[in-house]
Amino acid sequence: MLKIWGRISSINVRKVVWCAQELGLSFQRTEAGGKFGVVQTDEYRALNPNALVPAIEDGEGAQKMLLWESNVIVRYLCAKYSSGNLYPTELVQRFDAERWMDWQQTTLNRVSGPAFLQLVRTPADKRDAAVIANSITATEPLFALLDAHLAKNEYMLGERFSMADIPLGCEAHRWFGLPATDYTRPSWPNVERWFGQLRTRSGALGVLDLTLE
């Protein structure tokens with residue numbers, strides 16, 4: 001059975017859980033990180049020396065795979081279990097998916113995270129307005145870019161759902177979940193249409209319907 005370590009409140013853990021559910025995999029998830037601790041133990045550091053979530057263990061014996069880094073885990077699970085449905089076998093499409101997945105992690109997540117941390121995880125009297133403003137200013141053009149891409153594509157790779165939709169869907173879930181009392185986001189109709197489709201997928205239950213914390 002696939003083993004996943006990490007709290008579901010983490011965007012990176014949500015990616016892995018959604019992916020596993022999308023693939024119909026049986027898995028055991030152990031709460032770790034944040035208030036649950038665990039990540040600083042020697043046992044966990046043997047799984048992920050960075051002491052971050054998520055981490056997975058898959059398989060047994062010589063075939064056992066220990067992995068960390070959420071987007072890598074999504075790639076691995078899709079490559080192993082999707083028979084080409086979520087992990088494109090055609091080279092151009094595969095690296096189109098890889099590109100968008102890396103963009104989520106290195107570009108969009110990097111600038112959107114500070115606003116989330118301030119507006120959701122920081123008490124109102126301790127928030128830094130400049131940090132929030134800078135994060136919003138940097139993030140909104142990226143969602144506009146995503147909206148332009150989705151104006152021509154039903155999903156990230158065109159007509160079919162793929163591994164590329166999972167990290168970006170989790171990113172949209174986090175940004176769209178920011179408190180409406182603190183942030184009024186612009187309308188991105190194509191992102192909203194795409195995200196609405198993602199939320200109807202059975203694999204996304206318990207992930208894209210979660211309240212942020």
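Leaving aside its neighbours within four places in sequence, with which residues is Q28 in contact? In this predicted model, in which residues are numbered from 1 along each chain as its sequence is written, local features need pLDDT of at least 70 and side-chain atom pairs count only at pLDDT 80 or more, while totals for chains, interfaces and linings use all residues. Side-chain values use heavy atoms, with hydrogens and water left out. Contact being defined as heavy atoms within 4.5 Å, the partners of Q28 beyond four places in sequence are M1, L2, K3 and I4. Q28 belongs to strand β2, residues 27-30, where helices (H or I, at least four residues) and strands (E, at least two) are DSSP runs numbered from the N terminus. With a relative accessible area of 41%, Q28 is partly exposed; buried denotes under 20% relative accessible area, exposed over 50%, and partly exposed the range in between (1.4 Å probe, protein chains only). Between Q28 and L178, which are 150 residues apart along the chain, the C-alpha separation is 29 Å.

Backbone geometry was examined next. The peptide bond from V53 to P54 is cis, with omega near 5°, and P54 is placed in the loop between α2 (42-47) and β3 (55-58). A positive phi of about 80° is found at V38, although V38 is not a glycine; this residue lies in the loop between β2 and α2 and is partly exposed, at a relative accessible area of 32%. E69, likewise not a glycine, has a positive phi of about 80°, is located in the loop between β4 (65-68) and α3 (70-81), and is partly exposed, with a relative accessible area of 40%.

Apart from neighbours within four places in sequence, L77 is in contact with L2, V16, C19, L23, L25, I56 and S82.

A search of the whole structure for disulfides (pairs of cysteine sulfur atoms within 2.5 Å) finds 0. The sulfur of C78 is 3.6 Å from the closest cysteine sulfur, that of C19, which is too far for a bond. C170 is in no disulfide either, the nearest cysteine sulfur, in C19, being 9.9 Å away. C78 counts as buried, at 0% relative accessibility, and C170 counts as buried at 0% relative accessibility.

Pockets were defined on a 1 Å grid over the protein atoms alone, as open sets of points where a 1.4 Å probe fits, with protein on both sides within 12 Å along at least five of seven lines, and lining residues have an atom within 4 Å of a point. The largest pocket holds about 420 Å³ of space, a volume being the space filled by probe spheres set on the grid points. Its lining comprises 24 residues, of which S10, I11, N12, L52 and V53 lie nearest the centre of the pocket. Both α1 (11-22) and α4 (91-121) supply at least two residues of this lining, and α4 gives the most, with 6 residues.
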